[in-house]
Amino acid sequence: MSLTVLAVDDSRTIRDMLRLTLMEAGITLHLAEDGMHGLEVLEGIAPDAIISDINMPRLDGFGFMEAVRSQEKHRATPILVLTTESAPELKARARAAGATGWIVKPFDPVKLVKALHMVAG
């Protein structure tokens with residue numbers, strides 16, 4: 001089963017790494033540079049899962065997840081947080097905002113692909 005994923009991250013390096021990792025795994029990837037851009041890209045697609053950074057300009061990951069969850073059609077779309085942060089209070093805040101899971105950067109490509117298939121399968 002081929003997955004469609006939206007990845008939102010302000011780091012070009014991370015977006016490039018995600019592109020390489022996910023395309024190699026046969027996953028269709030849409031990229032956005034921050035939360036505002038992520039919401040714009042989301043308008044035209046129906047992703048099986050979303051990957052979001054926390055610290056981004058314009059609209060951070062928490063605001064982005066809350067905005068995604070406020071949309072009926074994306075209420076159940078799994079959201080994986082991909083961040084350098086690992087503080088328990090941030091994880092709790094992300095869960096409250098609608099996060100499904102948490103992956104710390106730098107990510108392990110194999111684990112990321114496995115996690116995406118787990119949450120979206």
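The model is predicted, and local features need pLDDT of at least 70, side-chain atom pairs count only at pLDDT 80 or more, while totals for chains, interfaces and linings use all residues. Residues are numbered from 1 along each chain as its sequence is written, and side-chain values use heavy atoms, with hydrogens and water left out.

**Overall fold**

- Along the sequence, the elements of the protein come in the pattern β-α-β-α-β-α-β-α-β-α.
- The radius of gyration of the protein is 13 Å, close to the 14 Å from the globule rule for 121 residues, so the protein is as compact as a globular protein of that length. This radius is taken over C-alpha atoms, and the rule is 2.2 Å times the number of residues to the power 0.38.
- The C-alpha trace spans about 30 × 30 × 25 Å along its principal axes.
- Of the contacts in the protein with a separation of 6 or more, 62% are between residues 24 or more positions apart; contact means heavy atoms within 4.5 Å.

**Surface and charge**

- Buried residues account for 50% of the 121 residues. Buried means under 20% relative accessible area, exposed over 50%, and partly exposed in between (1.4 Å probe, protein chains only).
- The protein exposes about 6100 Å², and carbon and sulfur atoms supply 53% of that area. Accessible areas come from the Shrake-Rupley method with a 1.4 Å probe; for residues, only the protein chains shown count as cover.
- There are 13 positive and 16 negative charges, and their mean positions are 4 Å apart. Lys and Arg count as positive and Asp and Glu as negative, with His and the chain ends not counted. Each charge is placed at NZ of Lys, CZ of Arg, CG of Asp or CD of Glu.

**Helix H4**

- In helix H4 (residues 88-97), the buried residues are Leu-90, Ala-94 and Ala-97. Viewed down the axis of H4, they fall within an arc of 60°, so they line one face of the helix. The arc is that of the directions from the helix axis to the C-beta atoms.
- Those buried residues pack against helix H3 (61-69), strand S4 (79-83) and strand S5 (101-104).
- Pro-88, Glu-89, Arg-95 and Ala-96 are exposed on the other side of H4.
- Lys-91 counts as partly exposed, at 29% relative accessibility. Apart from neighbours within four places in sequence, Lys-91 is in contact with Ser-86 and Trp-102.
- Lys-91 and Asp-60 are 31 residues apart along the chain, and their C-alpha atoms are separated by 14 Å.
- Gly-98, which follows H4, has a positive phi, near 120°.

**Backbone features in loops**

- The peptide bond between Lys-105 and Pro-106 is cis, with omega about -5°. Pro-106 belongs to the loop between S5 and helix H5 (109-120).
- Arg-58 is not a glycine, yet its phi is positive, about 65°. Arg-58 lies in the loop between strand S3 (49-52) and H3 and is exposed, with a relative accessible area of 61%.

- Arg-12 is in helix H1 (residues 12-24) and counts as exposed at 60% relative accessibility. Arg-12 and Glu-33 are 21 residues apart in sequence and 8.0 Å apart in space, C-alpha to C-alpha.
- Val-110 is in helix H5 and is exposed, with a relative accessible area of 58%. From Val-110 to Thr-21 the distance is 8.2 Å, C-alpha to C-alpha, and the two are 89 residues apart in sequence.

Note on methods. Helices (H or I, at least four residues) and strands (E, at least two) are DSSP runs, numbered from the N terminus.
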